[in-house]
Amino acid sequence: MLMREVRDVSHKFFQLPHEEKMKIKMTRQSGYRGYQKLGENVTKEKRDMHEAVNCLTPIAPGKYGDLGKTLEGDNLWPEYPSNLKVVLENYISLVKDLSRKIMRGIALALGGPADAFERGIAGDPYWALRLVSYPVSSSDEKRTDDTGMMGSHTDYGLVTLVNQDDDICALEVQNRSGVWIRANPIPETFLCNIGDMLQVWSNGIYQPTVHRVINSSHQRRVSAVFFYETDFDAAVEPVELCVEKTGGVAKYDKVVYGERLVRKAFCCFGHL
């Protein structure tokens, strides 16, 4: 099935020689698209021990003015695997539609119309797909945020769909008591994280998922992580129907999604 095919082509890419992967190296000039080498991603000022390929919504020059200038550009595709581009473009189309349907369900659950998020909030949603490879663990020591492969964090958009290897448990989520729980893979399913923008829009009814990755296995782990966001230039604030459900007071200030994304992009991608 397609979920497995995406992971398979990802494994093949990450098994390529370093020089081959660097042909699509991520740079500022590429709008932060392309291959990100081991240790280049930063979470909470610590380098993450993984490598990745970033595929982002293509942005034409000038589309969002100064707001979008940092992320203008098109995606970079490797020569090998030769089918990676076709597989990923098909996959992106399908998970984008799935994410829209999930958001419609959330809108209905909150008591709004099904298309509530599509009215100026996510009518033209920004998206990002990261193929992430976590190397074989070189130590049997107990791993934490300091020694893990991706430190604890929340995602910045609406929802995130995680397609992870079936046979390796590395993703952990934190419950409301602060306890870390393993998110064991269930074959042919996605793990869905709630993001920061949904927290703001719902006035805290939906809380973002705090999560981290600690690969203690002796196998390379690959995941394909799809981030479904608001419109790039959307000004997100608590919606009235959610404010009414939570005491009548907005708990969060208005956030321009693109501004927040650019700040996080500079923070998380280190010195390029």
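Biologist: Why is Tyr-257 called buried?

Modeller: Buried means under 20% relative accessible area, exposed over 50% and partly exposed in between, with a 1.4 Å probe and protein chains only. Tyr-257 has 0% relative accessibility, so the residue counts as buried. This is a predicted model in which local features need pLDDT of at least 70 and side-chain atom pairs count only at pLDDT 80 or more, while totals for chains, interfaces and linings use all residues. Residues are numbered from 1 along each chain as its sequence is written, and side-chain values use heavy atoms, without hydrogens and water.

Biologist: Why is the aromatic pair of Tyr-156 and Phe-227 called stacked?

Modeller: Rings of Phe, Tyr and Trp (its six-membered ring) pair if their centres lie within 6.5 Å; planes under 30 degrees apart count as stacked, over 60 as edge-to-face and the rest as tilted. Tyr-156 and Phe-227 lie 6.1 Å apart centre to centre, with 15° between the planes, and therefore form a stacked pair. Phe-227 is buried as well, with a relative accessible area of 8%.

Biologist: Which residues do ring pairs link into a cluster?

Modeller: The cluster consists of Tyr-64, Tyr-126, Tyr-156, Phe-227, Phe-232 and Tyr-257. Tyr-126 is buried, at 3% relative accessible area.

Biologist: What makes Arg-212 a charge over the ring of Trp-180?

Modeller: The rule asks that NZ of Lys or CZ of Arg be within 6 Å of the ring centre and within 35 degrees of the ring normal. The charged end of Arg-212 sits over the ring of Trp-180, 4.1 Å from its centre.
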